[in-house]
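Hello,

Here is the structure I promised to pass on to you.

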Amino acid sequence: MTQRPVVPGFHPDPSVCRVGDTYWLVTSSFEYAPGVPLFRSTDLRSWDQVGHVLDRPSQLDVSPAGPSGGIFAPTLRYHDGRFWMVTTNWSDGGGQLLAWADDPAGPWSDPVRIPGAIGIDPDLAWDDDGTCLMTYAGFGPNGGEGIVQSAIDPLTGELLTERRWIWSGTGGKFPEGPHLYRIGEEWYLLIAEGGTERGHAVTIARGPSPQGPFEGSPSNPLVTHRGTDLPVQNTGHADLVQRPDGSWALVYHGVRPRGSSPEWHVLGRETFADDVEWRDGWPVVTGHLEPAAPADAVAREELAGTALPPSWVAASAFPGEVVSRTEGGWLVRPAGDRPAFVGRRQEHLYARVRARMVAEGTGGLSVRVDPRHALDLEVADGVVRAVWAVGDVRTVLGERALHGEAGLGFRMAPTQGHEFSTARGPDRVLAGVEGPDGFEVLGEVDGRYLSTEVAGGMTGRLVGAWCTDGSVVLRSFEYEGSDDPAVVGGGPAGPEPWAR
């Protein structure tokens with residue numbers, strides 16, 4: 001891999017702003033809560049998650065959200081001493097929602113709703129007279145409409161003007177993800193188009209006012225990797241930011257597909273960054289920004305203390321609705337008749353996950369894109385089973401008896417086979433039991449069946465605990481990941497990662 005993400009794992013649709021020497025970045029979160037992950041950086045290369053914008057149920061309802069429902073692309077802006085975040089909750093019927101904070105680390109306000117603006121990917125910008133403009137991908141009665149705009153009251157959500165069409169890009173499908181900027185004497189409109197698959201692209205236009213008329217750059221697209229053999233694909237949905245020294249950069253999302261043709265990506269859309277120069281009044285990408293940590297660095301996380309790390313989220317619920325701290329660990333149980341899942345993103349190409357748990361009902365450990373595309377370790381009635389779900393088909397790959405506390409684990413290991421073999425997927429996912437004699441494999445799945453290309457949707461892999469009835473107590477959980485297979489995954493010709 002010659003280009004690495006600055007925010008790895010399922011963190012799509014990045015939006016960034018700078019105040020002083022600090023950059024703040026948010027991404028979409030879909031059905032997972034808390035919503036809208038929030039990151040901080042001083043160099044655009046190393047980012048720390050400081051929490052979420054929508055971190056409590058009064059701000060966000062994802063209970064109706066199935067896979068890839070919920071929170072779509074947000075925009076983060078700083079204006080007149082205050083931080084503003086606007087996004088779409090696609091699952092609750094309320095349209096756009098807009099929250100503000102004096103300190104981005106929180107607390108954030110309960111959002112106001114903008115129900116009359118039907119569409120996705122809202123952006124905020126302020127005109128010279130202080131009018132707040134919301135620009136978004138509007139939906140018409142017969143389908144796509146293009147990029148539209150209305151003036152709004154950001155404190156009440158009231159629409160102050162009828163929406164007007166302002167641009168539809170250069171001809172690619174699904175013009176979306178707009179961001180509007182005043183730079184010098186011109187207004188610039190940056191959008192995504194081409195769909196969020198292999199044809200994804202970033203295009204830009206400029207005009208004399210925030211309403212246009214907008215003229216596209218003669219060098220469009222500003223960013224695209226379509227039709228290339230670059231290791232990062234599906235590049236799009238960008239946001240510009242200016243550094244304190246006057247130079248510029250761009251954040252955008254992309255995926256890292258692997259395996260034989262047509263290739264598969266498993267981590268979701270990740271956040272990347274590039275340097276930008278201005279030439280003849282237009283931005284030009286000049287090179288990639290790489291993470292500060294080396295490629296063979298190992299990231300580790302374990303559950304410790306009395307609070308879940310900010311990386312942990314629940315599906316269609318807040319963690320507090322399905323998880324509670326007990327003396328023996330973390331108690332996971334369903335909220336009503338809805339199964340519970342709580343976990344964290346797989347953020348590296350190769351990973352190890354270890355957990356210890358006790359089941360008083362049916363539950364266990366899972367690596368999943370969604371409930372229908374998962375490899376589960378199911379603990380119930382004194383037995384642990386490796387259960388593979390592909391669509392509506394569930395297959396038991398292996399099982400063994402348990403005595404007391406279960407030690408469970410996953411390995412995301414390098415694929416095997418020659419380069420052009422159709423059997424060569426993006427990785428191998430192995431599920432098993434951790435015991436005194438090492439890792440006992442109960443089942444192995446080709447990673448393509450836990451990829452977005454198979455599952456569909458907008459998210460990526462997560463790993464964590466689940467429960468369908470009764471409860472499970474998660475006594476410990478450890479995640480270890482790297483993009484170097486020699487560090488955590490074992491090389492194709494080297495020792496397997498569990499042979500220790």
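This is a predicted model: local features need pLDDT of at least 70, side-chain atom pairs count only at pLDDT 80 or more; totals for chains, interfaces and linings use all residues.

The chain splits into domain 1, residues 15–289, and domain 2, residues 299–482. Their C-alpha centres are 31 Å apart, and the contact draws on 35 residues of domain 1 and 42 residues of domain 2. Together the two bury about 2,800 Å², with carbon and sulfur atoms giving 59% of that area. Which three residues of domain 1 supply more of its buried area than any other three? They are Tyr32, Arg258 and Trp264, which account for 26% of what domain 1 buries against domain 2.

As for polar links, 13 residue pairs are in polar contact across this interface. On the domain 1 side, strand S3 (32–33) and strand S5 (48–54) each provide at least two of the touching residues, and S5 gives the largest share, with 4 residues. Sorted by class, that side holds 14 nonpolar, 12 polar and 9 charged residues. The interface also has 1 salt bridge. Separately, please look at Glu453 and Arg198, which form a salt bridge with their closest N and O atoms 3.6 Å apart.

Two more residues are worth a look here. Ser451 sits in the loop between strand S33 (438–446) and helix H2 (452–455). Is Ser451 buried or exposed? Its relative accessibility is 0%, so Ser451 counts as buried. Beyond its neighbours within four places in sequence, Ser451 touches Trp264, His265, Val266, Val369 and Gly456.

Glu302 belongs to strand S22, residues 299–302. With 51% relative accessibility, against a cut-off of over 50% for exposed, Glu302 counts as exposed. Setting aside neighbours within four places in sequence, Glu302 is in contact with Phe477 and Glu478. Its C-alpha atom is 24 Å from that of Arg269, a residue 33 places away along the chain.

**Backbone spots to check**

Most peptide bonds are trans, and most residues other than glycine have a negative phi. The places below go against that pattern.

- Gly212 and Pro213 are joined by a cis peptide bond, with omega about 0°. Pro213 is in the loop between strand S16 (201–207) and strand S17 (215–216).
- Ser261 and Pro262 are also joined by a cis peptide bond, here with omega near 15°. Pro262 is in the loop between strand S19 (248–255) and strand S20 (270–279).
- His237 is not a glycine, yet its phi is positive at about 50°. This residue is part of strand S18, residues 233–242, and is buried at 3% relative accessible area.
- Asp280 has a positive phi too, near 55°. It lies in the loop between S20 and strand S21 (282–289) and counts as exposed at 76% relative accessibility.

**Salt bridges**

Side chains of opposite charge can pair when their charged atoms come close. How many salt bridges does the structure hold? The count is 34.

Arg77 and Asp239 form one of them, at 3.0 Å from N to O. Arg77 is in strand S6 (residues 75–79) and Asp239 is in strand S18, so this pair ties together parts that are 162 residues apart in sequence. Both ends are buried: Arg77 has 11% relative accessibility, and Asp239 has 0%.

Asp92 pairs with Arg113, again with the closest N and O atoms 3.0 Å apart. Asp92 is in the loop between strand S7 (82–88) and strand S8 (96–101), while Arg113 is in strand S9 (residues 112–114), so the bridge ties together parts 21 residues apart in sequence. Asp92 is partly exposed at 29%, as is Arg113 at 28%.

Lys173 meets Glu197 in a salt bridge whose closest N and O atoms are 3.5 Å apart. Lys173 is partly exposed, at 45% relative accessible area, and Glu197 is partly exposed at 39%.

Best wishes

Definitions and conventions:
Residues are numbered from 1 along each chain as its sequence is written. Side-chain values use heavy atoms; hydrogens and water are left out. Domain bounds come from an automatic or database domain assignment. Contact means heavy atoms within 4.5 Å. Buried area is the accessible area (1.4 Å probe) that two parts lose on being put together, summed over both. A salt bridge is a side-chain nitrogen of Lys or Arg within 4 Å of a carboxyl oxygen of Asp or Glu. A polar contact is a pair of N or O atoms within 3.5 Å; within protein, one must be able to donate a hydrogen and the other to accept it, and residues adjacent in sequence count only if both atoms are side-chain atoms. Ala, Val, Leu, Ile, Met, Phe, Trp, Tyr, Cys and Pro count as nonpolar, Asp, Glu, Lys and Arg as charged, and the others, Gly among them, as polar. Buried means under 20% relative accessible area, exposed over 50%, partly exposed in between (1.4 Å probe, protein chains only).
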